[in-house]
Amino acid sequence: MYNEKFMDRALALSARALTEPGTEPFGAVVVRDGVAVGEGFNHSVANWDPTSHGEIEAIRDACRRLGTVDLSGCDLYTSCEPCALCVAAMKICGIGGLYYGASLVQSSKAFANVSGADRHPIDVDGLRLEAGGTLETRSQPAEQKRDAEAVRILEEWASSRSA
């Protein structure tokens, strides 16, 4: 169930980018049972990490605090509609509900005059297409190499954990 105070917090985190170098205005909060269990905002430039989106940072924080990678039953509040990377992370960890501020269309318009030197641009539509596709549908080449060795390691790891 939506709670205004968590959207307030996501927006407050987003606003930190107005004064904190190396950040961008994307803030997020993970909530479980009416309690904020993780939060974060975009540190991609500050951390030299293109995956350091607000939603990803909030998910990482929640997982560390709760000691789990399963965030089933949690909701995510974010200042902007999540990109495909963040949606994938939400699905992987089991976050169910999503509440967001600006849409991707709105954020694209807001950033229309920001140069690539000031912000690493993301082709959101292209990312969504590639993230939902297979390796064969990617615009970048991909080749499988040393699969037998990779599979052997996977199987060995799995067998050490099988009952």
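One term first: buried means under 20% relative accessible area, exposed means over 50%, and partly exposed lies in between (1.4 Å probe, protein chains only). The model is predicted, so to speak of local features takes pLDDT of at least 70 and side-chain atom pairs count only at pLDDT 80 or more, while totals for chains, interfaces and linings use all residues. Residues are numbered from 1 along each chain as its sequence is written, and side-chain values use heavy atoms, with hydrogens and water left out.

How many salt bridges does the structure hold? There are 5, each being a side-chain nitrogen of Lys or Arg within 4 Å of a carboxyl oxygen of Asp or Glu.

Start by selecting Glu-39 and Arg-9, whose side chains meet in a salt bridge at 2.6 Å, N to O. This pair links distant parts of the chain, 30 residues apart: Glu-39 sits in strand 2 (residues 35-41) and Arg-9 in helix 1 (residues 4-15). Helices (H or I, at least four residues) and strands (E, at least two) are DSSP runs, numbered from the N terminus. Glu-39 is partly exposed at 24%, and so is Arg-9 at 34%.

Next, pick Glu-20 and Arg-16, joined by a salt bridge of 3.1 Å, N to O. Glu-20 is partly exposed at 28%, and Arg-16 is partly exposed at 36%.

Last, go to Arg-60 and Glu-57, a salt bridge with its closest N and O atoms 2.7 Å apart. Both sit in helix 3 (residues 54-66), about one helical turn from each other. Is Glu-57 buried or exposed? Glu-57 is buried, at 15%.
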